[in-house]
Amino acid sequence: MRTTKRTEITIETDRILVLSRRKVSVQSWCQACSQKTKMVTVDEAAAIAGVTSRTMYRWADAQKLHFTETANGVLMICRASLTSSEMNAR
């Protein structure tokens, strides 16, 4: 009679998200909201929404959120638009 060996490997993974609290977000006028609101970087917005930075750029291109571009080309996302009903309906 032949015996078969079986090896079982269990891999455990953890995910840690670290946000740097550098003062990158700013208070700025959001044209779409018609009010002064907190604007955050793409990376911070992605962490808040639980998606990748690339997804944030896609949503900006698709006009799913409010954004502005700074004079030096940095995309800033309206924090209020991340929690609006249109974002919850992803």
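**Close-up views of a predicted protein model**

Residues are numbered from 1 along each chain as its sequence is written, and side-chain values use heavy atoms, with hydrogens and water left out.

**View 1. The whole chain, for orientation.** The protein has 4 helices and 4 strands, where helices (H or I, at least four residues) and strands (E, at least two) are DSSP runs numbered from the N terminus. Read from the N terminus, the order is β-β-α-α-β-β-α-α. Of its 90 residues, 26% count as buried. The accessible surface is about 7,400 Å², and carbon and sulfur atoms hold 48% of that; such areas come from the Shrake-Rupley method with a 1.4 Å probe, and for residues only the protein chains shown count as cover. Among contacts (heavy atoms within 4.5 Å) with a separation of 6 or more, 41% join residues 24 or more positions apart.

**View 2. Gln27 in strand E1.** Look for Gln27 in strand E1. Setting aside neighbours within four places in sequence, Gln27 is in contact with Lys36, Thr37 and Lys38. Gln27 and Met39 are 12 residues apart in sequence, and their C-alpha atoms are 6.0 Å apart.

**View 3. Where helices H1 and H2 cross.** The axes of H1 (residues 42-49) and H2 (residues 53-61) come within 8 Å and cross at roughly 100°. Each axis is a line fitted to C-alpha atoms, for helices over the stretch in contact, and angles run from 0 to 180 degrees between N-to-C directions. H1 and H2 are therefore roughly perpendicular, a term for angles of 65 to 115 degrees. On the H1 side, the contact is made by Val42, Asp43, Ala45, Ala46 and Ala49, and on the H2 side by Ser53, Met56, Tyr57 and Trp59. By class, that is 7 nonpolar, 1 polar and 1 charged residues. Here Ala, Val, Leu, Ile, Met, Phe, Trp, Tyr, Cys and Pro count as nonpolar, Asp, Glu, Lys and Arg as charged, and the others, Gly among them, as polar.

**View 4. The largest nonpolar core.** This core has 12 residues: Val40, Val42, Ala45, Ala46, Ala49, Met56, Trp59, Ala60, Leu65, Leu75, Ile77 and Leu82. A nonpolar core is a set of buried Ala, Val, Leu, Ile, Met, Phe, Trp, Tyr and Cys residues joined through side-chain atoms within 4.5 Å. H1, H2 and strand E4 (75-78) each supply at least two residues of the core, and H1 gives the most, with 4. Zoom in on Ala45: not counting residues up to four places away in sequence, Ala45 touches Val40, Met56, Ile77 and Leu82.

**View 5. The buried residues of H1.** Val42, Glu44, Ala45, Ala46 and Ala49 are the buried residues of H1. They pack against strand E2 (35-41), H2, E4 and helix H3 (79-82). After H1 comes Gly50, whose phi is positive, near 75°.

**View 6. Two loop residues with positive phi.** Most residues other than glycine have a negative phi. Ser34, in the loop between strand E1 (26-30) and E2, has a positive phi near 60°. Gln63 is not a glycine either, yet has a positive phi of about 60°. You will find Gln63 in the loop between H2 and strand E3 (67-69), where Gln63 counts as exposed at 59% relative accessibility.

Methods
Predicted model: local features only at pLDDT ≥ 70, side-chain atom pairs only at ≥ 80, totals over all residues. Buried < 20%, exposed > 50% of the residue type's maximum accessible area, 1.4 Å probe, protein only. Parallel < 35°, antiparallel > 145°, perpendicular 65-115°, else oblique.
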